[in-house]
Amino acid sequence: MMPDPAHVIRASLITRSIKCGKPNCRCANGEGHKSLYLSSYYNGKTQLDSVPKSFQDKVSQCIKDYEDITALLAELSCINLELFRRRESDL
Ligand SMILES: [Zn+2]
């Protein structure tokens, strides 16, 4: 079954460690605060969008849907090319 294309997102979820800048914070001397980001590439630019924890599952699903649909389309294209070569499809 094809996932619903209405909610696809072409991006990847990444974790970034960010230093908040407060001199007294534990992150000043150690690891930064871990936050989740969506990394996407559009119009020649990589963009980072912060992802609240409550959106993590939903966003993961949107990314998976995009990958599933892309894989499905690639497979369909292969099949259609094969049919075209055999002239078994009207296209
Ligand atoms: Zn901090």
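The paragraphs that follow go from the overall outline to the sheet, then to the helix and the segment after it.

This is a predicted model, in which local features need pLDDT of at least 70, side-chain atom pairs count only at pLDDT 80 or more, and totals for chains, interfaces and linings use all residues. Residues are numbered from 1 along each chain as its sequence is written.

The protein chain holds one helix and three strands, where helices (H or I, at least four residues) and strands (E, at least two) are DSSP runs numbered from the N terminus. Read from the N terminus, the order of elements is β-β-β-α. The C-alpha trace spans about 70 × 25 × 20 Å along its principal axes. The radius of gyration of the protein chain is 20 Å, whereas a compact globule of 91 residues would have one near 12 Å. That radius is taken over C-alpha atoms, and the globule rule is 2.2 Å times the number of residues to the power 0.38.

A residue counts as buried if 20 or more other C-beta atoms lie within 10 Å of its own, as exposed if 12 or fewer do, and as partly exposed in between, with C-beta atoms placed from the backbone. Among the contacts with a separation of 6 or more, 46% join residues 24 or more positions apart; a contact means that the C-beta atoms of two residues, placed from the backbone, lie within 7 Å.

The three strands form an open sheet in the order 1-2-3 with antiparallel pairing, two strands being paired if DSSP finds at least two bridges between them. Strand 1 (12-18) and strand 3 are at the edges and have a single partner strand each, so one side of each lacks a neighbour in the sheet. From one strand to the next, the twist averages 40°.

Strand 2 (residues 33-42) pairs with strand 3 in the antiparallel sense over six bridges. In this pairing S40 has Q47 as its bridge partner in strand 3, and Y42 stands opposite K45. The hairpin of these strands has two residues between them, and N43 takes a positive phi near 50° there.

Is Y41 buried or exposed? Y41 is exposed, because 11 other C-beta atoms lie within 10 Å. Y41 and S12 are 29 residues apart in sequence, and their C-alpha atoms are 9.6 Å apart in space.

Helix 1 (residues 56-85) lies across strand 1 and strand 2 and runs at about 135° to strand 1. Axes here are lines fitted to C-alpha atoms, for helices over the stretch in contact, and angles run from 0 to 180 degrees between N-to-C directions. The 30 residues of helix 1 should span 44 Å at 1.5 Å a residue, and its end C-alpha atoms are 44 Å apart, which agrees. The expected span is 1.5 Å times one less than the number of residues. Helix 1 is hardly covered, with one buried residue among its 30.

Just after helix 1, R87 takes a positive phi of about 55°. E88 is in the segment after helix 1 and is exposed, because 8 other C-beta atoms lie within 10 Å. E88 and H33 are 55 residues apart in sequence and 58 Å apart in space, C-alpha to C-alpha.
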